[in-house]
Amino acid sequence: TAEGSGGGTEQAYRVDERAAELARWEEASKDTIQKTTKPCPRCHVPVEKNGGCMHMKCPQSQCRLEWCWHCGCEWNRTCMGDHWFDV
Ligand SMILES: [Zn+2]
Ligand SMILES: [Zn+2]
C-alpha cells in the first residue's frame, strides 16, 4: 500500500498547522505583554501593570522607582490627583 508516503504528507501538513497556530498564539501573547507591561523609566526593566492603578513600582531592588504608567515618568502629585486610577 501507499500508506507510508500518504501518512508522511498528512503529518507534514499537521506540523504546519501546529506551527501556524503557535505563531498566532505567540503574536497574541506578545500583544498582551505590550498592553500590560511597560519598561521602568529609570532601569527599563519590564513592569507589569497591576489592575487599574496607574501607580507603578519597579521590582528591581537596586531601582524601586515609583512611577506613573500614564505619564511614563516618576510618580508625582499631578498623577496622584489626575489619574491614580484608570477609568
Ligand atoms: Zn526600575
Ligand atoms: Zn501620571
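Strands β3 and β4 (residues 66-68) run antiparallel and are joined by 3 bridges. Two strands count as paired when DSSP finds at least two bridges between them. This is a predicted model, in which local features need pLDDT of at least 70, side-chain atom pairs count only at pLDDT 80 or more, and totals for chains, interfaces and linings use all residues. Residues are numbered from 1 along each chain as its sequence is written, while chains are lettered from A and ligands numbered from 1 in the order in which they are written.

**The sheet**
- The strand order is β3-β4-β5 in an open sheet of 3 strands, with antiparallel pairing.
- β3 (55-57) and β5 (73-74) are the edge strands; each has a single partner strand, so one side of each lacks a neighbour in the sheet.
- M56 has W67 in β4 as its bridge partner.

**The chain as a whole**
- The protein chain holds 2 helices and 5 strands.
- Helices (H or I, at least four residues) and strands (E, at least two) are DSSP runs, numbered from the N terminus.
- Read from the N terminus, the order of elements is α-β-β-β-β-β-α.
- Of the 87 residues in the protein chain, 6% are buried.
- Buried means 20 or more other C-beta atoms within 10 Å of a residue's own, exposed means 12 or fewer, and partly exposed lies in between; C-beta atoms are placed from the backbone.

**Around H44**
- H44 sits in the loop between β1 (37-39) and β2 (46-48).
- H44 counts as exposed because it has 12 C-beta neighbours inside 10 Å.
- H44 and C58 are 14 residues apart along the chain, and 9.2 Å separates their C-alpha atoms.
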